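Student: Before we look, could you show me how to read domains, interfaces and helix packing in a model of this kind?

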Amino acid sequence: MIPTLLGRWQTRLFLLNTVGALITLIFGFLFKDFWTPFVLLEYILWFGFIWDILYNLLQSLRWDRDWPPLFFVGGGVLEALLVWGLVKANFLWAILGLPGLPGVNPGLTFAQFAAHYCTVFIFTLLLMLSLMKVIFLKWRFQGGELF
Amino acid sequence: MYPNIRPQERGGVAWSEPPLPSIFAQQEVSMAGLKQSGLPLEETTYLAIGGGIGSFTWVDHLLIHGVDPSQIVALGFEAKPYARCRRLCCNSQIPDHERLRSDSGGTPDNIWGWPGYAVREIWHDLQRGHVWHAARLLWQIFSEPVLSEPFTPKAGHVFASVDREARRIGWDNIRRFGHVRAIRKTDDGRYIVAYSPTRAIKCKPKLIVASYVHLAVGYPGARFLPDLISYRRRTGDCHRFVNAYEPHDHLYHHLRQFGGTVLLRGRGITASRVIQRLNEERSYNANITILHLVRTPKSRGPQYEYARRRPKNHFDHQTYNFPKSCFGGDFRFVMEDADDRQRAELVDLWGGATTAKRGPWEDIIETGLNEGWYQIRFGHIDRVEPTNGKLTTVLQGHSAWREETKIQTDFIIDATGLDPVPERNPLLQDLLHTYRISKNHKGHIKVTNDFEIIELQNGAGRIYASGVMTLGGPFAPVDSFVGLQYTAQRSVESLVRSGAPGVRRLGPVRSMRQWVRWARGVRP
């Protein structure tokens, strides 16, 4: 699938709110905290909409105007670093008079964040490269657009 | 029309065609009159004309969308849907073990495009214990095209997969031998098709009536430029000056034994293949040299918005015949939204004579240039004369001083491609003449975004087209496996919307169920 901007947004929205939510629910049980993983998922989703604009601009610099799997992974790493950086940006939250990133438990460890993020990312990426084409027959010809 | 080319290369049959029934002189045929005439008549709902991979893909889509196989007939020359494609591949130096220039997800045996050929090859490797090769392929599909060369399937794997799908859908019961002579509208909103049912000379044409017709007749033949035709007419020699899509293995055998010089024309993927083959022959006989003739130098590639294609050694490189985005990204939408003139411009800009960027090919060119056995010349062939068992070619340069160069070579291989002109296909020529169907700015058959030929609409009846005959239409890479899948999908969706009998929408649940049936090898 060669994504368009609309396709990126729609596929991200669909995958994170279905498979992503299901995996997050499991991590909620494991962490005995449903609020933090779901809030993190929403941060990934909403920041992702902005990241997608940047990815789309970079994509337009390529002759094939494609987005190879390696770039998906690179983007995934950047998105994780941004959210984890915000979780740990205590100086910023102190200036704003907040205890931490809103909605996120200040006791969240990197291992917990990484386990949750990586599981969601790997499952959604694999689904995007495989079963999405089977479930939605037209998806691959529409740049990832579902609606 | 195609001098000294074996009948197989024109589609498989040498004809001495008996006349068609007189009703085919009219634009619209009366069904009542036809039934009274006593001519044997057969009826079907869906008719695929061509019998190649384009027809096969359309039939596969119809069956998976719920159509009963007894309602479908496919007419063509060859028993195997890929027979002509394979023959042209072999002639142009892509035997079964070599890799095509096709995306892993271009799967004519699987309408979903997943699993692609890369995943299947990894799976087969693992089953046979070739773990290292499987790991390499996995890395390749993960890192392509940034750190690795793009994966492309082996020709033999593609053909074997089509065989498997053909068995699954019962292709042998749907396909029959038929050389389609003419198509006419009927007065009850259908189409009557006349076809010759056997290879026998003087065989009376048979008639079949269908409500929905799909045309996928492929290229009319190899492209024979005037200099080649003129040479053959004058000399009768079709061994020294050949088209790369003709069988020409004799030339490589001769070179292996005696060495010699080859003038190669064209700079597309076929030229790259021919150079690869000549380089292989050089390992048996180092006395083989290549003179590569291209019309103009290529130091700067085309630009679209912010991106530019970068040529090397006067070859224009891109992964497939069009940028990848044309197959389903932004460019597909750009193409669909463009008008006829813009589409033609985009096809010229994005397409053209390009070859794949492959390390071994670049190494061959670099080595050849350094060692002197591969050289590039710019210009075009003015004339070719036989001289003492060799060919003397007069090259006309394109420089301001109009330089003429005489060179002597043992062979000339023309790798400028296949002939896409619709008028060279008698069936399309008849349709163009009878119904005045429109052509697009590229000179091919004009189709709607659903690949319907609008002038042939007849009440509820519809005629769709796919493949190179629609080049310059709403989808750029029509002449690709993905293109055939896309056009089949669009036309079948159009049938669903128009309420055609038996075709049902393939929603997520039905799509998954049908895919599971495909994976199990069970009939749709």
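Tutor: Domain bounds come from an automatic or database domain assignment, and on that basis chain B is divided into domain 1 (29-98 + 170-220 + 421-518) and domain 2 (223-299 + 354-418). This is a predicted model, in which local features need pLDDT of at least 70 and side-chain atom pairs count only at pLDDT 80 or more, while totals for chains, interfaces and linings use all residues. Residues are numbered from 1 along each chain as its sequence is written, with chains lettered from A and ligands numbered from 1 in the order in which they are written.

Student: How many residues of domain 1 of chain B are in contact with domain 2 of chain B?

Tutor: Two residues are in contact if their C-beta atoms, placed from the backbone, lie within 7 Å; here six residues of domain 1 of chain B are in contact with 11 residues of domain 2 of chain B. The C-alpha centres of these two domains lie 37 Å apart.

Student: How many residues does each chain give to the contact of chain A with chain B?

Tutor: Chain A contributes 25 residues and chain B 33 residues.

Student: At what angle do helix α1 and helix α2 of chain A pack?

Tutor: Helices are DSSP runs (H or I, at least four residues), numbered from the N terminus, and axes are lines fitted to C-alpha atoms over the stretch in contact, with angles from 0 to 180 degrees between N-to-C directions. Helix α1 (residues 5-31) and helix α2 (residues 35-59) of chain A pack at about 160 degrees, with their axes 9 Å apart. α1(A) and α2(A) are therefore roughly antiparallel (over 145 degrees) to each other.

Definitions and conventions:
Helices (H or I, at least four residues) and strands (E, at least two) are DSSP runs, numbered from the N terminus. Angles under 35 degrees count as roughly parallel, over 145 as roughly antiparallel, 65 to 115 as roughly perpendicular and the rest as oblique.
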